[in-house]
Amino acid sequence: MNMVISVQDDLIEVKEYLKKLGYEVYSISDGIASDVHIYSEKNMGLANVYNAALPADNGSFFINADNRSVEDVAYMVEHRYYSPLF
C-alpha cells in the first residue's frame, strides 16, 4: 500500500524531499485523504491543520515539522515515530 502524505503548502522543502523518496505527496490545501499530515505549528497550528485535513480510512498521523530536518521528518513518516507532545 502506498502511503499518501499531505504537507502544509509552505513546507516546500519537506514536500519535495518526500516526493524524491517515492511517496505520494500533496498539499494539505488539495483536500486529499491522507495517512500522514505534516505541518508547522509556528505557521499554521495543529487546530487549523486538523480542521483542513482529511484523514485516511484508517486514521492519520500528524507530524509537526518545526525544528526538524527533512531527514528527521522522513524518518518519522517511515517509522510512524513521534516524540511526546509534552
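## Confidence in the model

The mean pLDDT of this protein is 83, and 78% of its residues reach 70 or more; pLDDT is the predictor's confidence in each residue, on a scale from 0 to 100. Confidence is highest in helix H1, with a mean of 97, and lowest in helix H2 (residues 46-52), with a mean of 63.

This is a predicted model, in which local features need pLDDT of at least 70 and side-chain atom pairs count only at pLDDT 80 or more, while totals for chains, interfaces and linings use all residues. Residues are numbered from 1 along each chain as its sequence is written, and side-chain values use heavy atoms, with hydrogens and water left out.

## The overall plan

Let's begin with the parts list. The protein has three helices and four strands, and along the sequence they follow the pattern β-α-β-β-α-β-α. Here helices (H or I, at least four residues) and strands (E, at least two) are DSSP runs, numbered from the N terminus.

Of the 86 residues, 41% count as buried. Buried means under 20% relative accessible area, exposed means over 50%, and partly exposed lies in between (1.4 Å probe, protein chains only). The protein exposes about 5,200 Å², and carbon and sulfur atoms supply 52% of that area; accessible areas come from the Shrake-Rupley method with a 1.4 Å probe, and for residues only the protein chains shown count as cover.

A contact means heavy atoms within 4.5 Å.

## The sheet

In what order do the four strands line up? They form an open sheet in the order S2-S1-S3-S4, with parallel pairing. S2 and S4 stand at the edges with a single partner strand each, so one side of each has no neighbour in the sheet. From one strand to the next, the twist averages 25°. Two strands pair if DSSP finds at least two bridges between them, and axes are lines fitted to C-alpha atoms (for helices over the stretch in contact), with angles from 0 to 180 degrees between N-to-C directions.

Strand S1 (4-7) has bridges to both S2 and S3: four bridges join S1 to S2, and three join S1 to S3.

H1 lies across S1, S2 and S3, running at about 160° to S2. H3 lies across S1, S3 and S4, running at about 165° to S4.

Which residues of H1 (residues 12-20) are buried? They are Val14, Lys15 and Leu18. Seen down the axis of H1, these buried residues fall within an arc of 100°, so they line one face of the helix; the arc is that of the directions from the helix axis to the C-beta atoms. The cover over them includes S1, S2, S3 (36-39) and H3. On the face turned away from the buried side sit the exposed residues Ile12, Glu13 and Lys20. After H1 comes Gly22, with a positive phi near 100°.

## Lys15 and Ser27

Lys15 lies in H1 and is buried, with a relative accessible area of 15%. Leaving out residues up to four places away in sequence, Lys15 touches Val7, Val25, Tyr26 and Ser27. Lys15 and Val25 are ten residues apart in sequence and 6.6 Å apart in space, C-alpha to C-alpha.

Ser27 lies in S2 and counts as buried, at 8% relative accessibility. Again leaving out residues up to four places away in sequence, Ser27 touches Ser6, Val7, Asp9 and Lys15.

Most residues other than glycine have a negative phi. Asn67 has a positive phi, near 60°. Where is Asn67 found? Asn67 is in the loop between strand S4 (61-64) and helix H3 (70-79). Asn67 is exposed, with a relative accessible area of 72%.
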